[in-house]
Amino acid sequence: MAPASILERLRPHVPWGLATPKEEGGRAVLYVTPGILLEVLRAAAERVSLDSLVDLTAWDRRPASPRFEVVYLLGQAGGSDRLTVKVRVDGDPPRLPSAVEVYPGAAWPEREVYDMFGVVFDGHPDLRRILMPDDWEGHPLRRDVPLFEEPVEFKGHRPKVPSEIIPYFSPHSPSGSGGETPPVPG
Amino acid sequence: MSEATRETLALNMGPQHPSTHGVLRLVLELEGETIRRCTPVVGYLHTGIEKEMETRTYHQNITLVDRVEYVASYLEEMAYCLSVERLFGIEPPPRARVIRILLCELNRIASHLIYLGSAALDLNVSSAFMYCFADRERFLDLSEMVSGQRMMPGYFRIGGVAADLPEEFVPAARRWLDEVPRRVDEYERLLNDNLIWRERTEGVAVLSREEAIARCATGPVLRASGVAHDVRKLLPYGGYDEFAFDVPVRAEGDAYARYRVRLEEMRQSRRIAVQALDRLPDGPVITSDRKIALPPRAELARSMEAVIHQFKLVSEGMHPPAGDSYVPTESARGEKGYYIVSDGSNRPARVHVRAPSFYNLQTLPAMVEGRPLADVVVAVASIDIILGDVDR
């Protein structure tokens, strides 16, 4: 199904004024506000054919604001309809309504996003860490959590940060071999 | 049992248990032999691959993606490379596309052989295990021929593949593919006529169509629950639309149905691989875009420009335009896709692996709750999880 048509079919069922439809790289994308997220997901699952959650993930937009973008990839079991729903959220901790009611399969990926980014999903039946140990502090996939080489007990060994292994080059870096300081540590 | 003595027992299965196919821990609440609640605990194999990928160049990450679903590395590289190529908006040349599909389908057969062998071993059919692993060895030899590695090949590149197929590869692949149908028939006879196998898999670990969709199952698990969902057919990628194959579907949703679906998929994969060998076009195997692929060795001696390109690619890597991309692909276990966010620099801002094993494992409680303890082993084997894929 062409990207435009899925957005057209969804249009009557969601408060369109609060949503921004876009087409990015051949994919239909809908930017929504946290307030209407559940309404949009419910409309997608019940009113149009998007009955399965393909993936749910997030990324840290630091230093931009709002800081986190949570991405819902919706699909159709046995069909080819696809829609990406993106919602940007800020706050400490950032909060979003849980999609478990609409897509029961969101239970684990929401735990993963909570574990990795600290986004709290209100209404989630069992919001615990899933991949990291229970007593871990912090949320490792946040961009302000640096990645270090583990220290070893060899004499004269200094743990490297990965930016020392492969230098960072910003989008329009001038020609050269030195690299730059990355905007975020690591 | 009277009401007064009714109590449940919490049993830890794993993380070290031979039938969990890795380091999976299941907390089972038992009432006698019956499972009342099953809580999978994952993360024991978490290696932080997604974080690690943010600190490396797009090219270096090919090495890391091999380690995610480590028995289906070619399929993994396919998903990653397609997603990066979508960011750049490039297509690999025709020969590279066919080579990729050929290796992916050979890898799918090998991956299903692991499923079949280990699932059979869990039910004590150890001869099937030996046969399957001996057969898989043939694929590993082929993999060594093209990439120099038996596992973790690192053979695909952004915009193509690392090198052309060696001369001896095509006849060797044909020899193996000629044997596959006979071997699959043999396994089918061996297991279909095996009373223990039938009784332990038929009607066991049942997953209804509705449960499968609601809990995001994909791949053979979804297809064995009656949904004809194969990304290769529905959203063809990398040239799959040019190949003829069928999507096997079974309605029963039990472990036996999953076994039958995978057996048939091995036959269909062979069909695709034979077509790929028949129509292997001539031509380059990697894109000629010098901002993406390394210049050929011979050019380095003549062209200063080639030397600069080589230096920039090796020391700095490539810069895809800012944006995100996700290309769904059909891995051996279900939908695999890389959600990549680029900020325009030489490293990805975020890489997320849509891991089929992670989502498929979520269906396990629905399969085993209310069933006897012995079903857990069958259920875990029939989902065919790879813990590297679950925990990443």
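In which sense do strand β1 and strand β2 of chain B pair, and over how many bridges? The views below start there.

View 1. Welcome to a predicted model, in which local features need pLDDT of at least 70, side-chain atom pairs count only at pLDDT 80 or more, and totals for chains, interfaces and linings use all residues. Residues are numbered from 1 along each chain as its sequence is written, while chains are lettered from A and ligands numbered from 1 in the order in which they are written. Strand β1 (residues 9-13) and strand β2 (residues 25-31) of chain B are antiparallel, with five bridges between them. Look for B:A10, whose bridge partner in β2(B) is B:E29. Strands (E, at least two residues) and helices (H or I, at least four) are DSSP runs, numbered from the N terminus, and two strands count as paired if DSSP finds at least two bridges between them.

**View 2. Chain B as a whole.** Chain B has 17 helices and nine strands. Its radius of gyration is 22 Å, close to the 21 Å from the globule rule for 392 residues, so chain B is as compact as a globular protein of that length. The radius is taken over C-alpha atoms, and the rule is 2.2 Å times the number of residues to the power 0.38. Buried residues account for 54% of the 392 residues in chain B; a residue is buried if 20 or more other C-beta atoms, placed from the backbone, lie within 10 Å of its own.

**View 3. The elements of chain A.** In chain A you will find four helices and seven strands, in the order α-β-β-α-β-β-β-β-α-β-α from the N terminus on. Of the 186 residues in chain A, 38% are buried.

**View 4. Where chain A meets chain B.** The contact takes 33 residues from chain A and 46 residues from chain B, where contact means C-beta atoms, placed from the backbone, within 7 Å. On the side of chain A that touches chain B, β3 (52-60), β4 (68-75) and α3 (107-117) of chain A each supply at least two residues. The largest share, six residues, comes from β3(A).

Note on methods
Contact = placed C-beta atoms within 7 Å. Buried ≥ 20, exposed ≤ 12 C-beta atoms within 10 Å, placed from the backbone.
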